[in-house]
Amino acid sequence: MADISAAPLAPGAIAPPGGNSIPLFTTFVHRAAAQRVGAVLASTFLSEGKLVKEFEARLSAELGMRHPAALNSGTSALHLALEVAGVGPGDEVILSPQTFIASALTVVQVGATPVFADIQYTTGNIDPADIEHRITPRTKAIMAVHWGGYPCDMSELQALATKHRLVLIEDAAHAPGATYQGQPIGSIADFTCFSFQAIKHLTTGDGGALCARDPEKAREVFRRRWFGIDRANSPVNELGERDYDLTDVGYKYHLSDYAAALGLANLDGFSDRMARRRTLVQQYNDGLHGVAGITPFERKADRESAHWLYGFHVENRLGFIRTMRSKGIAASVVHDGIDHNTLFGGKRPELTSQRRFDETQIHIPLHDDLSAEQVDYIVAAIKQGW
Ligand SMILES: Cc1ncc(COP(=O)(O)O)c(C=O)c1O
């Protein structure tokens, strides 16, 4: 993870509005969360129970997620999606390197090989035009990462998946609340994986959700998130043990009720928080429009980003980061292309858009504690040059 801490202010510099520095992210905890989590602690029923169910029901009703199974992390969601999709040893999964290592790590965990396709320099998302020539008889799935919460070209990816009979998995760790052509992310692909980790815009502390479009696969997800036992249909017998027969490998991946209580509190007002993010993004867009040295990411009208990140391309990036830091403003790449890791085979020079992206992408603060005055301050600081 990149350095996302608040930038230290240069000696003698004027402090930004609202404090000494503006961090890239903050963690949103709803004011009712302490009471809700406290009630779970007082009940002493801490593990997976009715609050997990309630959380799932609200993810479905309010964010449009299909059959969401609440899990203990986004990484668990990716791993379980690959397992339930039947990806295993010898298989290949095509994905973009512009992501966090969890995306490709889980592919390796199931014994498969991550095959990196190039990205669109304009968005940081996988380039559908760079996929087909990478498909081999071993290819089992395409994994689409919605970089910063901006949805990938899902129609093109679905067409490729259908044509080559591949499973389409969305790594939507950054994208709860995003939509594509009017459809919520979490209702489109075969599997969609969300993260509710601490700095995500909907957090349970740590947590995630896995949506499987097919009801049969969804049942398998629910079963295999808890050791492989079908909890709902394995009543406890007179001897005090559940009646079940384990048929395949399961995991201990479920969310717990105290984490669900935090998630439930944070869902209150979620759409208002998203609307506020959109307003801040518009303020940045207007303020930075036409600034020399900055190229905005492409944003199409047929999809709405979840706006987890606010990013763009910048010239003289290190100069930009240092200048912003001296003014108390955090700026970070968040992640650069993960293919450089030895585990994934090392840096691929032929992924030319990824390599260009690695040189110029940057992100500036976007979070629930960010004020309009702070955005004005950041825009003014950028306009002064770097
Ligand atoms: C793109 C992406 N995928 C997966 C993950 C893993 O999510 P988690 O930290 O909830 O396991 C992250 C985490 O930040 C991420 O950024």
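Helices here are DSSP runs of H or I with at least four residues, strands are runs of E with at least two, and both are numbered from the N terminus. What you're looking at is a predicted model, where local features need pLDDT of at least 70, side-chain atom pairs count only at pLDDT 80 or more, and totals for chains, interfaces and linings use all residues. Residue numbers start from 1 along each chain as its sequence is written.

**View 1. Gln 181 in its loop.** Gln 181 sits in the loop between β6 (179-180) and β7 (183-184). Its phi is near 45°, a positive value in a residue other than glycine. Is Gln 181 buried or exposed? A residue is buried if 20 or more other C-beta atoms lie within 10 Å of its own, exposed if 12 or fewer, and partly exposed in between, with C-beta atoms placed from the backbone. Gln 181 has 11 other C-beta atoms within 10 Å, so it is exposed.

**View 2. Phe 227, another residue with a positive phi.** Phe 227 isn't a glycine, yet its phi is positive, about 65°. You'll find Phe 227 in the loop between α6 (215-224) and α7. Phe 227 counts as partly exposed because it has 15 C-beta neighbours inside 10 Å.

**View 3. Asp 130, a buried loop residue.** Look for Asp 130 in the loop between β3 (113-116) and β4 (139-145). Asp 130 counts as buried because 20 C-beta neighbours fall inside 10 Å. Leaving out residues up to four places away in sequence, Asp 130 touches Ala 117 and Asp 118; two residues are in contact if their C-beta atoms, placed from the backbone, lie within 7 Å. Now hop along the chain to His 307, 177 residues from Asp 130: the C-alpha atoms of these two are separated by 25 Å.

**View 4. Helix α7 under cover.** How many residues of α7 are buried? The count is eleven of its eleven residues, so α7 is mostly covered. Among the buried residues are Tyr 258, Ala 259, Leu 262 and Asn 266. The cover over the buried residues of α7 includes α1, α2, β1 (68-71) and α8 (270-288). Just after α7 comes Gly 269, with a positive phi of about 80°.

**View 5. α2 alongside α7.** Helix α2 (residues 50-63) packs on helix α7 (residues 257-267) at an angle of about 30°, and their axes are 8 Å apart. Axes are lines fitted to C-alpha atoms, for helices over the stretch in contact, and angles run from 0 to 180 degrees between N-to-C directions. α2 and α7 are therefore roughly parallel to each other; angles under 35 degrees count as roughly parallel, over 145 as roughly antiparallel, 65 to 115 as roughly perpendicular and the rest as oblique. Their crossing is left-handed, a label used if the near helix is turned anticlockwise from the far one by less than a right angle, with right-handed if clockwise. On the α2 side, the contact includes Leu 51, Phe 55 and Arg 58, while the α7 side includes Ala 260, Leu 264 and Leu 267. By class, the contact of α2 with α7 has seven nonpolar, one polar and four charged residues. (Ala, Val, Leu, Ile, Met, Phe, Trp, Tyr, Cys and Pro count as nonpolar, Asp, Glu, Lys and Arg as charged, and the others, Gly among them, as polar.)

**View 6. α1 against α7.** Helix α1 (residues 33-43) and α7 pack at about 155°, with axes 8 Å apart. That's why α1 and α7 are roughly antiparallel to each other. The crossing of α1 and α7 is right-handed. Val 37, Val 40 and Leu 41 are among the α1 residues in the contact, and Tyr 258, Leu 262 and Ala 265 are among those from α7. The contact of α1 with α7 divides into nine nonpolar, one polar and two charged residues.

**View 7. α3 crossing α4.** The axes of helix α3 (residues 74-84) and helix α4 (residues 102-109) come within 9 Å and cross at roughly 40°. That makes α3 oblique to α4. α3 passes α4 in a right-handed crossing. Which residues meet here? They include Leu 78, His 79 and Leu 82 in α3, and Ser 103, Thr 106 and Val 107 in α4. The contact of α3 with α4 has four nonpolar, six polar and no charged residues.

**View 8. The shell around the ligand.** The ligand is surrounded by 14 residues, and the closest are Ser 73, Gly 74, Thr 75, Ala 173 and Ser 195. (A residue is near a molecule or strand if its C-beta atom, placed from the backbone, lies within 6 Å of it.) α3 and α4 each supply at least two residues of this shell. The shell divides into four nonpolar, nine polar and one charged.
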